[in-house]
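Here is a short tour for anyone meeting this structure for the first time. Have a look at the picture, then read on.

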Amino acid sequence: MKVSLEYLYHYICDHCQKWWTIADIKPDIGSHALCPHCGKTSLIEEIVQFQIKT
Ligand SMILES: [Zn+2]
């Protein structure tokens, strides 16, 4: 069988603090993301990684 890996990018809005998720599309540092909750944009400053090495 094949096993596939999916990356989930979790965004937290700077304005309303609500979050949303986009799979597999890596955001560019320095670009802006549009919040689906309040409609405002936030600057993407870094991508924090939590991957556990096994
Ligand atoms: Zn928002």
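## The overall layout

In what order do the elements of the protein chain run from the N terminus on? They go β-β-β-β. Keep in mind as you look around that this is a predicted model. The count for the protein chain is 4 strands and 0 helices.

How spread out is the chain? Its radius of gyration is 13 Å, while the globule rule gives 10 Å for 54 residues, so the protein chain is more spread out than a compact globule. If you want a box to picture, the C-alpha atoms fill one of roughly 40 × 20 × 15 Å along the principal axes.

## Burial and contacts

What share of the 54 residues counts as buried? The answer is 0%. A residue needs 20 or more other C-beta atoms within 10 Å to be called buried.

As for contacts, take those between residues at least 6 apart in sequence: 15% of them join residues at least 24 apart.

Let's zoom in on one pair of strands. β1 covers residues 8-12 and β2 covers 19-23. The two run antiparallel, and 5 bridges join them.

Is β2 tucked away or in the open? Of its 5 residues, 0 are buried, so β2 lies largely in the open.

Between the strands of this hairpin there are 6 residues. Gln17 sits in that loop between β1 and β2, and its phi is near 65°, a positive value in a residue that isn't glycine. Gln17 is also exposed, with 10 other C-beta atoms within 10 Å.

## From β2 to β3

Next comes the loop between β2 and β3, where β3 spans 32-34 and where you'll find Asp24. Asp24 isn't a glycine, yet it has a positive phi of about 70°. Is Asp24 buried or exposed? It's exposed, with 9 other C-beta atoms within 10 Å.

Ser31 belongs to the loop between β2 and β3 too. Ser31 is exposed, with 9 other C-beta atoms within 10 Å. To place Ser31 against another part of the chain, look for Ser42: the two are 11 residues apart in sequence, and their C-alpha atoms are 8.5 Å apart in space.

Key
Residues numbered from 1 in each chain as written. Predicted model: local features only at pLDDT ≥ 70, side-chain atom pairs only at ≥ 80, totals over all residues. Rg over C-alpha atoms; globule rule 2.2 N^0.38 Å. Buried ≥ 20, exposed ≤ 12 C-beta atoms within 10 Å, placed from the backbone. Contact = placed C-beta atoms within 7 Å. Pairing = 2+ DSSP bridges.
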